[in-house]
Amino acid sequence: MFYQHNHEQVAAEEFDGEFVLIHFARGTYFSLRHAAVDVWRQFQNGANPALVAERIRDRFSLTDEVGPAELKRCIQVLIDEDLLCQVEAPGPPVEDWSSQVWAAPAVEVYSDLQDLIVLDPVHEVDQSTGWPRRAAGGDGS
Amino acid sequence: MELAAPTARAQVDPQAGGFCAAVLELAEQGSRTATREHAFRLCDGLVTLRAAGTLFEEHLTRALRHARVAPTSVQAPELRVFALDGLAAGGRPPPGWPFPYANPRHLERLHVTRDRRFYLKLDEDTRTWHVFDRARGRAAIWTEDASRLPDWEQSFPLRTLLNWLLAPSPSTLAHAAVVCEGERGLLLAGAGGSGKSTTTVACLEIGLTTCGDDFVAVTGGVAPRAHALFDTIKLDERSLARFPHLAAHVANSGSPPGTKARIHLSELSPPGLRPSCWLTAIVVPRVTPGETTRIAPLAKTAALRALVPSTVFLTRGAEIETAAKLGALVRRLPTHELRIGGTPAEAALGLRALLAQGSR
């Protein structure tokens with residue numbers, strides 16, 4: 001399974017080693033710092049989550065005790081928050097790294113502006129069958 | 001003319017065009033009863049408006065008085081708007097939302113075709129349609145009953161259409177205030193309650209001017225500019241109490257408790273509204289009780305978080321373009337935090353000092 005930046009719904013701006021992501025449909029925004037920046041970059045062309053985690057482990061020479069759990073959590077947040085969307089095939093790996101030194105991924109989620117999303121309830125995005133799609137068990141009205 | 005609901009998913013985009021054309025034609029026909037045409041210069045572009053229904057006309061034009069130009073001087077406006085109050089036009093109600101869930105640019109009650117030509121939005125609460133055909137430079141606003149429109153919408157009429165109009169240009173709407181001294185201005189960005197409006201009024205009190213309190217247009221590039229769109233300032237009860245002389249100018253004094261007071265700067269003397277200015281910095285106000293009021297450097301990412309999410313969440317349909325343009329603006333301009341620990345007057349003096357620094 002491969003994932004990529006959800007360009008249709010998510011703007012990403014990078015300043016001084018930090019990414020700010022804005023999800024237009026959900027009314028949420030995010031700050032990515034440290035290794036989360038590299039995780040995000042690795043998905044720009046489409047990539048497999050396990051392979052991204054492996055590349056970052058290799059890059060920073062991480063052991064089983066340090067890093068893998070944080071990387072897995074970070075990637076899962078990016079998927080769960082719909083910042084990444086599924087694609088059919090991977091693209092070339094990204095060689096742009098933010099740092100030489102390992103620092104655990106930091107992802108901050110901001111939902112204080114969700115009330116401003118009055119046009120649309122939250123929908124699950126399905127890039128293959130169309131958008132928006134009613135979330136299973138959700139309101140979706 | 002009947003407005004048929006589309007049925008086949010694959011035909012959504014062409015049908016959006018047909019639906020848009022039909023609404024435009026109905027609104028254009030309906031607005032022929034209007035007694036006059038209005039013309040405005042907004043963000044260096046010309047917009048004309050013909051509205052059927054006296055109440056709707058007042059609703060759509062009061063906050064734009066500062067930008068009026070003679071309609072006879074307008075040969076080729078960027079946008080012609082036809083507005084229809086269904087009740088005033090013989091009880092013709094707007095149609096319901098006809099589009100199925102279909103393509104990636106299709107949100108419920110907001111549809112933008114893939115080629116960005118047609119924009120359609122329905123506010124279900126007030127039964128108000130906005131439609132825009134970029135290729136023809138025409139737009140329609142069709143509401144069921146203008147008397148049911150919420151008061152706050154009078155603060156920024158045509159906002160939805162201006163947002164769509166500006167999408168492919170170097171300009172964009174920004175959810176921000178602007179305070180100016182001479183031709184130089186500061187963009188004040190921050191969510192509701194951050195002190196933007198109170199600070200803006202405090203700046204007017206010491207002789208500065210403004211390009212707007214809630215929404216302005218900004219144009220990027222090497223020398224970014226801000227443009228006034230609406231002449232309104234909205235103050236909550238507490239803020240209004242700080243400026244008691246403004247109480248006589250509240251335009252919506254009969255509104256329910258809790259409604260922010262709406263003041264039209266064009267109706268004050270002096271008005272304090274400036275059509276445009278050069279932006280020299282972005283400032284994010286923050287109320288910090290117990291501290292001395294001061295201006296401190298602010299990380300670009302913090303300024304971006306204060307400016308971009310609220311703008312794109314409040315101005316739907318051009319999110320990708322808006323985020324990119326405001327992101328570029330944040331990269332270009334110095335960013336500061338205004339820590340308001342004292343009175344609004346102290347904050348205003350701090351901003352005046354910052355404007356003076358920029359002019360050296």
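Domain bounds, as I use them here, come from an automatic or database domain assignment. On that basis chain B is divided into domain 1, residues 9-166, and domain 2, residues 171-359.

Before going on: this is a predicted model, in which local features need pLDDT of at least 70, side-chain atom pairs count only at pLDDT 80 or more, and totals for chains, interfaces and linings use all residues. Residues are numbered from 1 along each chain as its sequence is written, and chains are lettered from A and ligands numbered from 1 in the order in which they are written.

Back to chain B. The centres of its domain 1 and domain 2, taken over C-alpha atoms, are separated by 27 Å. Between them, 21 residues of domain 1 of chain B are in contact with 24 residues of domain 2 of chain B; contact means that the C-beta atoms, placed from the backbone, lie within 7 Å. Which element gives the most to the domain 1 side? That is α3(B), with five residues. By class, this side of domain 1 of chain B has 11 nonpolar, four polar and six charged residues. Ala, Val, Leu, Ile, Met, Phe, Trp, Tyr, Cys and Pro count as nonpolar, Asp, Glu, Lys and Arg as charged, and the others, Gly among them, as polar.

Helices and strands here are DSSP runs numbered from the N terminus: H or I with at least four residues for helices, E with at least two for strands.

Now the sheet in chain A. Four strands form an open sheet in the order β2-β3-β4-β6, with antiparallel pairing; two strands pair if DSSP finds at least two bridges between them. β2 (10-15) and β6 (106-110) of chain A each have a single partner strand, so one side of each is left without a neighbour in the sheet.

Last, two helices of chain A. The axes of α1 (35-42) and α3 (68-80) come within 10 Å and cross at roughly 55 degrees. Axes are lines fitted to C-alpha atoms, for helices over the stretch in contact, and angles run from 0 to 180 degrees between N-to-C directions. The contact is made by A:Ala35, A:Ala36 and A:Val39 of α1(A) with A:Leu71, A:Cys74, A:Ile75 and A:Leu78 of α3(A). These residues divide into seven nonpolar, no polar and no charged.

How values were computed
Contact = placed C-beta atoms within 7 Å.
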